[in-house]
Amino acid sequence: MPDTGKKKKKKPHRFYDYSLLFTIIFLTVFGLVMIYSASSYKAQLDYDNPAYFAIRQAAIAGGSFVVMYIVSKIDYHWFARFAVLGYALSWITMLLTMFSPLGVASHGKKRWLKVGPGMLQFQPTELVKISLILFVAVFIAELGTRINKLRPTLVIIGFSLPLALLVTANNLSSGIIICGIVFVMLFVACKIKWPFFACAGAGVGLLAAAPYIGHILVNMHILKDYQLGRINVWKNPIMYSRSGGYQVLQGLYAIGSGGLFGKGLGESLQKLGFVPEAQNDMIFSIICEELGLFGAISLILIFMFMIYRFMVIAGNAPDLLGAMIVTGVMAHIAIQVILNIAVVTNSIPNTGVTLPFISYGGTSVLFLMLEMGLVLSVSNQIKLEQ
């Protein structure tokens, strides 16, 4: 057979992180099981259907999973075109929520926005998180090595901080998470690290000193009275057991009564009206009560495995944009998991943070799936050498 002298080019194989995909599926299904377990009593009383919350969450999670898979098959560079639009929409939705009749109040704060046919509601803070991840990632990718200079870094902070402060004024926990996301992304992108360590040290010092200088911070308008109340509850929940300390104490009772292996799935007593909204922020306490220390540690290890997969994808990403997108999502998940568990165990003041993929909340699971779709899209652009 004659040799043409030409070698047929083989189409490069692309990577797809099935380990991360299966982790997402497991966490979502586990979350549905725990939502049913934690909310069945309340759902039976309020809606005459013990599976009310679980069915709603399952429907949204199922639709969101399909959207996630579609997003994962689209080149993430295409989404980068809409970074500025997403940033602008974040401002618009936050302003509409806070200053228009479309904003819906929850626990004294306007945190929901009515949109679309039938006036569906969603939390704009979740849109802010994914939009800012994409916006900052595109910004850093455009700057390249110039990110190590002071001025470009200050420009990114200048775009991010006002939006974060707007969110903080309405939702402290989301504001902390957004600031943390931008902080981690800049930390990873910049070569000079000492300013970040200094800022982190100052933040820890302020948190440690907050119980002792709380009234001064209120007078300086840094803290509000209800936020000072949360700090007082954190410092001494027993003293404030009839006010904000009730939920904290009931959560701690649930954790302590679970023991090593728990009471068994569905056997929680604290979910019977003792832990308010057990399917939301405090669901980790029900996990500890029903599955014990073993179940709690197993769940933490699964989240750690997810963070590890993010690190693998970011380290092998085709370009800086992909690496920064994955870093932002990794920061979001890690910070939110740490804050939720810290709040439930009373290690930090109560900030109202949900546990990703586990806590009840349609907006949360939808935007989390979108973020996972972006991460899987980055993984799908990694070329495998043969």
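Let me start with Phe-310, which, leaving aside neighbours within four places in sequence, is in contact with Leu-20, Val-326, Val-329, Met-330, Ile-333, Met-372 and Val-375. Contact here means heavy atoms within 4.5 Å.

Before going on: this is a predicted model, where local features need pLDDT of at least 70, side-chain atom pairs count only at pLDDT 80 or more, and totals for chains, interfaces and linings use all residues. Residues are numbered from 1 along each chain as its sequence is written, and side-chain values use heavy atoms, with hydrogens and water left out.

Back to Phe-310. Together with Ile-333, Phe-310 has the most contacts inside the largest nonpolar core, a set of 99 residues. A nonpolar core means buried Ala, Val, Leu, Ile, Met, Phe, Trp, Tyr and Cys residues joined through side-chain atoms within 4.5 Å. Buried is under 20% relative accessible area, exposed is over 50%, and partly exposed lies in between, with a 1.4 Å probe and protein chains only. Helix 12, residues 320-344, supplies the largest share of this core, 16 residues.

Next, Thr-28, in helix 1, residues 18-47. Is Thr-28 buried or exposed? Thr-28 is buried, at a relative accessible area of 10%. Not counting residues up to four places away in sequence, Thr-28 touches Ala-61, Phe-357 and Met-369.

Now the whole chain. There are 13 helices and five strands; these are DSSP runs numbered from the N terminus, helices being H or I with at least four residues and strands E with at least two. Of the 386 residues, 48% count as buried. Among contacts with a separation of 6 or more, 71% come from residues 24 or more positions apart.
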